[in-house]
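Colleague: Please take me through this model, starting with one residue and its surroundings.

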Amino acid sequence: GTSDPYVKFKLNGKTLYKSKVVYKNLNPVWDETVVLPVQTLDQKLWIKVYDRDLTSSDFMGSAFVALTELELNRTTEQVLKLEDPNSLEDDMGVIVLNLSLAVKQGDFKRNSSFMRNVRLSDSLRKNQLWNGLVTITLLEGKNIPLGGLAEVFILLKLGDQRYKSKTLCKSANPQWREQFDFHYFSDRKDMLDIEVWRKDNKKHEELLGT
């Protein structure tokens with residue numbers, strides 16, 4: 001069937017933001033930007049999806065982001081798998097967010113403890129987890145089939161980190177010239193996956209090769 005989904009963002013059990021409803025759509029695009037005030041980083045931001053009904057709303061799954069995993073002043077794309085322990089469905093779908101963490105301009109005293117918090121989580125992550133950066137510059141493609149008919153984009157994946165090229169090029173020889181930074185974990189054997197996708201006007205996406 002179909003649904004009328006909307007999303008709630010929650011911190012500490014409080015709803016901080018509720019999105020608009022996208023009617024009759026299982027692949028909704030919200031394209032909404034919201035700034036949420038955060039006091040400390042040791043909490044989870046919950047993303048809960050509901051199906052709007054005239055009388056009540058049906059729960060369609062949730063996911064969370066640990067705020068300590070976000071980097072300061074850097075936007076990352078997060079693809080979160082929706083889960084519902086009470087559902088019989090194996091696949092509840094995913095929700096895609098661009099998230100970034102920033103310090104609010106203004107009273108420095110109030111921000112200093114927050115900045116300490118940020119620095120601490122940064123150093124913990126650097127010391128324990130990742131120990132290098134891999135910078136990848138995506139330059140161009142050559143002789144991509146049907147590239148002149150549909151827009152071509154690239155997906156880069158390293159472990160659970162993923163980036164999508166912003167530029168959609170309608171060309172058999174697309175030029176991207178975009179740079180991406182991945183965290184490098186020396187104790188992991190992650191492969192860098194590079195996927196070439198084309199997207200035609202009907203929001204239909206097709207994998208051309210890896």
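Modeller: Leaving out residues within four places in sequence, Gln 161 is in contact (heavy atoms within 4.5 Å) with Leu 156, Phe 182, His 183 and Phe 185. The model is predicted: local features need pLDDT of at least 70, side-chain atom pairs count only at pLDDT 80 or more, and totals for chains, interfaces and linings use all residues. Residues are numbered from 1 along each chain as its sequence is written, and side-chain values use heavy atoms, with hydrogens and water left out.

Colleague: Is Gln 161 buried or exposed?

Modeller: Buried means under 20% relative accessible area, exposed over 50% and partly exposed in between, with a 1.4 Å probe and protein chains only. Gln 161 has 15% relative accessibility, so the residue counts as buried.

Colleague: Which backbone nitrogen does the side chain of Gln 161 reach?

Modeller: His 183 is among the residues that Gln 161 touches. The side chain of Gln 161 comes to 2.8 Å from a backbone nitrogen, that of His 183.

Colleague: In S2, which residue is the bridge partner of Lys 10?

Modeller: Strand S1 (residues 5-11) pairs with S2 over 4 bridges, in the antiparallel sense. In S2, the partner of Lys 10 is Thr 15.

How values were computed:
Pairing = 2+ DSSP bridges. Helix = DSSP H or I, 4+ residues; strand = E, 2+ residues; numbered from the N terminus. Polar contact = N/O pair within 3.5 Å; in protein donor to acceptor, adjacent residues only side chain to side chain.
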